[in-house]
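Subject: Structure for you to look at

Hello,

Here is the structure I promised. Please open it next to this email and follow along as you read.

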Amino acid sequence: MARAAVPGGLTARRAWREATLVERRPETDSAVTLVLDVDGWPGHLPGQHVDVRLTAPDGYTATRSYSVSAPERGDRVELTVQRVPDGEVSGFLADGLEVGDTVRLRGPVGGWFVWRASQPGPVLLVAGGSGVVPLMAMLRAREPGSPCFRLVYSVREPDDVIYGDELATLAASDGVEVLLVHTRRAPDGDDRPVGRLRESDLVASGWTAQDAPTCYVCGPTGFVEAAAGLLVGLGHAADRIRTERFGPSGP
Ligand SMILES: Cc1cc2nc3c(=O)[nH]c(=O)nc-3n(C[C@H](O)[C@H](O)[C@H](O)COP(=O)(O)OP(=O)(O)OC[C@H]3O[C@@H](n4cnc5c(N)ncnc54)[C@H](O)[C@@H]3O)c2cc1C
């Protein structure tokens, strides 16, 4: 099957553009969604990310990657940034960037960790912490008739769930199931013992290797490696497991 091209030619994607913050939406105590208006944005696919560059008055620059959290919508790009303790860029984006402020942005980046609406077959999403961001863009891009999606989402405790209300609404709709995994504290009534992601959590998602879902795994590096290892152990073909690593530590 012919693949739709990734939006934007190479030159367009390499260009730094000015992005103006038009809306901030708190998601949790440590995560905020930033809606940016990016002049001439070439569009993006769910799963892709952008590079954000901050420049200090003395010319010092810092660049970090952030996944798009919502499907393409004209010149609007939505990111969800989780503040990392002592983080140089995430702290500024989460707390210091105000509506009307500008940053430089480049992208979209990535052609493998994407979900296309034309893609056949079920989808298994496995997220650790802020790794839910690009997976949320995929969930939000689903349309009536899209394949079934199941999300296994690992967080430290209930207050850390990003997009909690929207995930609950999605989970009540046809074609989406959500399983929350708590590593440190679970809500009352949750009979899963707290702890890191286990094989049984992935089995509980309901997709077996025979269902041949495309698996998207995203989060801190340690989480992604552990989750991908569990999926391989359960018989999922390595070429159906797509991974995106955000950084060192995990929930
Ligand atoms: C492809 C890609 C997509 C990403 N998408 C998102 C996203 O959608 N939302 C989001 O919040 N982040 C995302 N990240 C992570 C982001 O790029 C930064 O690494 C993160 O915001 C920390 O940057 P910082 O400058 O605040 O921290 P730094 O100043 O670089 O680091 C401060 C301290 O935090 C540790 N640290 C760095 N990154 C992380 C991390 N991810 N988790 C825990 N500890 C860390 C460092 O080891 C260091 O000790 C993505 C990363 C990649 C590679």
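Two strands count as paired if DSSP finds at least two bridges between them. Keep that in mind for what follows. One caution first: this is a predicted model.

**The parallel sheet**

Start with strands β10 (residues 214–219) and β11. They run parallel, and five bridges join them. One example: Val-217 has Thr-243 in β11 as its bridge partner. Both strands belong to an open sheet of five strands, with parallel pairing and the order β9-β8-β7-β10-β11. Which strands stand at the edges? They are β9 (176–182) and β11 (241–245). Each has a single partner strand, so one side of each lacks a neighbour in the sheet. From one strand to the next, the twist averages 15°. Helix α4 (residues 164–171) packs on this sheet and touches β8 (149–155) and β9. The direction of α4 makes about 135° with that of β9.

**The antiparallel sheet**

Now find the open sheet of six strands. Its order is β4-β3-β6-β1-β2-β5, and the pairing is antiparallel. Here β4 (61–67) and β5 (76–82) are at the edges. Each pairs with a single strand, so one side of each has no neighbour in the sheet. The twist averages 40° from one strand to the next. Four bridges link β3 (residues 49–55) with β6 in the antiparallel sense. In one of these strands, β6, Val-109 is the bridge partner of His-49. Helix α2 (residues 88–96) packs on the sheet, touching β1 (17–26), β2 (31–38), β3, β4, β5 and β6. The direction of α2 makes about 70° with that of β4.

Arg-106 and Asp-51 are 55 residues apart in sequence, but 5.1 Å apart in space, C-alpha to C-alpha. Arg-106 touches Asp-51, and its other contacts include Trp-16 and Val-50.

**The ligand**

How many residues surround the ligand? The count is 22, and the closest are Arg-64, Ser-65, Tyr-66, Gln-82 and Ser-90. A ligand oxygen atom is 2.7 Å from an N or O atom in the side chain of Arg-64. For the side chain of Tyr-66, an oxygen atom of the ligand is also 2.7 Å from an N or O atom. A ligand oxygen atom is 2.9 Å from a polar backbone atom of Val-89. Alone, the ligand exposes 900 Å², and the protein buries 75% of that.

Best wishes

Conventions: Residues are numbered from 1 along each chain as its sequence is written. This is a predicted model: local features need pLDDT of at least 70, side-chain atom pairs count only at pLDDT 80 or more; totals for chains, interfaces and linings use all residues. Side-chain values use heavy atoms; hydrogens and water are left out. Contact means heavy atoms within 4.5 Å. Helices (H or I, at least four residues) and strands (E, at least two) are DSSP runs, numbered from the N terminus. Axes are lines fitted to C-alpha atoms, for helices over the stretch in contact, and angles run from 0 to 180 degrees between N-to-C directions. A residue is near a molecule or strand if one of its heavy atoms lies within 4 Å of it. A polar contact is a pair of N or O atoms within 3.5 Å; within protein, one must be able to donate a hydrogen and the other to accept it, and residues adjacent in sequence count only if both atoms are side-chain atoms. Accessible areas come from the Shrake-Rupley method with a 1.4 Å probe; for residues, only the protein chains shown count as cover. Lists of a residue's contacts leave out its neighbours within four places in sequence.
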